[in-house]
Amino acid sequence: MRITVDHDRCEGHGLCEEQAPEVYTLDDAGDVVHRFEGRDVPDELADAAERGATVCPVAALRVAN
Ligand code: SF4
């Protein structure tokens with residue numbers, strides 16, 4: 001599973017980080033970053049990655065295999 005971020009959509013409210021801080025965080029500019037850039041999310045964090053994507057109010061996060 002990989003995470004794709006649409007940075008043009010992200011508004012930096014941090015709901016993804018609240019829901020899954022082990023996957024998502026915000027950078028100093030308030031833009032979302034995740035810990036698995038360019039690589040697969042480990043299986044044990046797949047549910048957390050999906051939870052964070054689901055709560056995003058502007059659909060900036062996509063998770064797919
Ligand atoms: S929940 Fe969505 S809009 Fe908010 S910081 Fe995360 S990716 Fe950005």
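## Cavity

The predicted model has one cavity of 30 Å³ or more. A cavity here is a set of points, on a 1 Å grid over the protein atoms alone, where a 1.4 Å probe fits but cannot get out. The largest cavity holds about 130 Å³ of space, a volume being the space filled by probe spheres set on the points. Its lining has 14 residues, and Cys-10, Gly-12, His-13, Cys-56 and Pro-57 are the closest to the centre; lining residues have an atom within 4 Å of a point. By class, the lining is made up of ten nonpolar, three polar and one charged, with Cys and Pro counted as nonpolar and Gly as polar.

## Ligand

The ligand takes up the largest cavity; this requires more than half of its atoms to lie within 2 Å of the grid points. Around the ligand are 14 residues, of which Cys-10, Glu-11, Gly-14, Cys-16 and Cys-56 come nearest.

## Thr-25

Thr-25 lies in strand S2, residues 24–26 (strands are DSSP runs of E, at least two residues, numbered from the N terminus). Beyond neighbours within four places in sequence, Thr-25 contacts Glu-17, Asp-31, Val-32, Val-33 and Arg-35 (heavy atoms within 4.5 Å). The Thr-25 and Glu-17 side chains also make a polar contact at 2.8 Å (N or O atoms within 3.5 Å, one able to donate a hydrogen and the other to accept it).

## Basis

Residues are numbered from 1 along each chain as its sequence is written, and side-chain values use heavy atoms, without hydrogens and water. Local features need pLDDT of at least 70 and side-chain atom pairs 80 or more, while totals for chains, interfaces and linings use all residues.

Terms used
1 Å grid on protein atoms, 1.4 Å probe; cavity = no way out; pocket = protein on both sides within 12 Å on 5 of 7 lines; lining within 4 Å. Helix = DSSP H or I, 4+ residues; strand = E, 2+ residues; numbered from the N terminus. Near = heavy atom within 4 Å.
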